[in-house]
Amino acid sequence: MTLNSIRYRKIFYAISLLGVILSVSAISFWGLRLGIDFQGGTLMEIHFSKEISKEDIYNNVSSVAESVLVQPGNDNVFIVRYLAGDETINEKVREKLTEMDAENKIIRTDFFGSSVSKELTRKAIEATIVAIFLVAIFIAIAFRKVSRPLSSWQYGVGAMIALMHDIIITIGVFAILGEFYAIEVGIPFIAAILTILGYSVNDTIVVYDRIRENLLRHGMKESFENIINRSINETVARSINTSMTVLVVLFAIILLGGTSIQSFALALFIGVFAGTYSSIFVASALLVTSYHFQKKYTK
């Protein structure tokens, strides 16, 4: 079966536009539910004299503090993080931990304030924007040998729009999940966003590379739309199969992984899904739209 995604590109544009509008609306109305990595809080490393489950620690500390994260270590050592910087909350947390094990030992207690968190937020946004522009520049340079019928920078712009599409939808879904399911974002979410950038552009480059090969091999003996469509069909099985293997693994991590990596895996799952869709139905179609726009306004 031959996929004719270019013929129905306006439908796919409409689907993507709807997803982006809903995502931007969710981000504007609700914003992201920021975890302690972005709001400031307390980190406590504690050693218990007996075996205690991560869930017990979470349930006890959650009764007196917000946004609790529990990370298990070796030999009954746990790192507990929560959204509080005042000594009253810290004392209540210590009391709860003592109720669980009177012989526990606090190894360290660190506080980080909102000024550090604001700096972290700013750097995360800057890193994402810089990464998107660098990817666009890289693609423009990589495709410099293909100058007809489009310039190489148009490939870069197409990939950049597809990347922004993937990132906005991922952030938008997390804004919805934060509002209705209290899912917070922290440093792992930023790592996931940057990973999505790398994965998504890899998928897009595979399709673009096949377009470049077909253009160099056949020139313009057939229409540009046919070349794009044929290139998509020659790579679509590879893209879907690769993405499915990644999605299955991520789904298993979401179901069975700990809370500390679930949000990371969930962000990757959404981003990989959106990235696979955009690389097949959006990034390449944008080249056709750019081609028609160029023909119309350069006569």
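The model is predicted, so to speak of a local feature takes pLDDT of at least 70, side-chain atom pairs count only at pLDDT 80 or more, and totals for chains, interfaces and linings use all residues. Residues are numbered from 1 along each chain as its sequence is written, and side-chain values use heavy atoms, leaving out hydrogens and water.

Buried here (under 20% relative accessible area, with exposed being over 50%, partly exposed in between, 1.4 Å probe, protein chains only) are Arg9, Phe12, Ser16, Gly19, Val20, Ser23 and Ala26. They cover an arc of only 125° around the axis, which puts them on the same side of H1; the arc is taken from the directions from the helix axis to the C-beta atoms. Lys10, Leu17, Leu18, Ser28 and Phe29 are exposed on the other side of H1.

Next comes an open sheet: 4 strands in the order E2-E3-E1-E4, with antiparallel pairing (two strands pair if DSSP finds at least two bridges between them). E2 (69–72) and E4 (105–112) are the edge strands, each pairing on one side only. Strands E1 (41–47) and E3 (77–82) pair over 6 bridges, and His47 has Val77 in E3 as its bridge partner.

Finally, the axes of H7 (187–218) and H8 (224–256) come within 9 Å and cross at roughly 150°; axes are lines fitted to C-alpha atoms, for helices over the stretch in contact, with angles from 0 to 180 degrees between N-to-C directions.

How values were computed
Helices (H or I, at least four residues) and strands (E, at least two) are DSSP runs, numbered from the N terminus.
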